[in-house]
Amino acid sequence: MPTILGLLPVTLGSLDLLATDDAGVDWVITDVKGWDSPGVRAETAPRQADHGAWASPVYLDARPITLAGSIDAPTREALEAAIEQLIATVSLTDTTLTVGETIPKQATVRRSGQLLIERQGPYSATYSALVTAADPRRYSTTLQSQSTALPSTTGGLTVPVTLPIVISTTTVAGSITLVNEGSIATRPIFTVEGPVTNPTITVQYPDGTVRALLYSSALEAGNQLVIDTDLHSAVLNGTTSRRLYLSGQWAEIPPGTSVEVGWYADTYDAAALLTGTVRSAWM
């Protein structure tokens, strides 16, 4: 996506805010305030009889973002249609905001303030929209997705044999690798498809430590369990919470790190499948 006068390409939902659309309307985004950094939550407590203070952990706050730009249309009707499109796009529900940096990044935002539109004449207007990303991370627009069956080994030697012999085996490791190229930890989503009984998902870190999540129940063929390590949820077939059956440690991938995700279960079934999805994340 090309830049105009050095400005960054920005899209909100399906609306390109730095382009000329099919109706001949010129959209120019002039400012994306708040994209560089959100606020933080931090506290300090004075150290008694000593210099300084005790510092609490520091957390990123929600990320308010102000989008400012202009609209230039060939006709009054085209301008009014563009304004209505903008009003609808700055939505009260989750909308993807994408900024075309060298590594394009995105955030999920909702309208959080008044949408200000000022007409500059019959064919042009300026606007300012306030949206907020409840999750302050800026995520890669590229979604990593890898899948694996349960670990298994097939083939090998059957006796009695006749020499000479060739021994061939097929091994499924039951593991995948997920990478975070960003500057802050990111949290994967695991999808388990049955049939499988008591599956355990393990995440091994470069230092050798392992975090594991155990689902202490069975999934029948055709059932799908989605484990969101950010929301701390386990949802069966898109509707039913199964959080009660999940125990262990929630996984996250530190910045600039790759992890190996594996799994196993009480019994083997070739149709069982684990899929891990994640996006690299930046502060």
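Let me start with arginine 187 and aspartate 230, whose side chains meet in a salt bridge at 2.8 Å, N to O, a salt bridge being a side-chain nitrogen of Lys or Arg within 4 Å of a carboxyl oxygen of Asp or Glu. Arginine 187 lies in the loop between strand S18 (175-180) and strand S19 (189-193), and aspartate 230 in the loop between strand S24 (224-228) and strand S25 (233-236), so the pair ties together parts that are 43 residues apart in sequence. Helices (H or I, at least four residues) and strands (E, at least two) are DSSP runs, numbered from the N terminus.

This is a predicted model, in which local features need pLDDT of at least 70 and side-chain atom pairs count only at pLDDT 80 or more, while totals for chains, interfaces and linings use all residues. Residues are numbered from 1 along each chain as its sequence is written, and side-chain values use heavy atoms, with hydrogens and water left out.

As for accessibility, buried means under 20% relative accessible area, exposed over 50%, and partly exposed in between (1.4 Å probe, protein chains only). Arginine 187 is partly exposed at 30%, and aspartate 230 is partly exposed at 28%.

The structure holds eight salt bridges, and another of them joins glutamate 101 to arginine 138 at 3.6 Å, N to O. Here glutamate 101 sits in the loop between strand S10 (95-99) and strand S11 (105-111), with arginine 138 in strand S14 (residues 138-140), 37 residues apart. Glutamate 101 is partly exposed at 22%, whereas arginine 138 is buried at 10%. Together with Lys105, Glu101 and Arg138 form a network of salt bridges.
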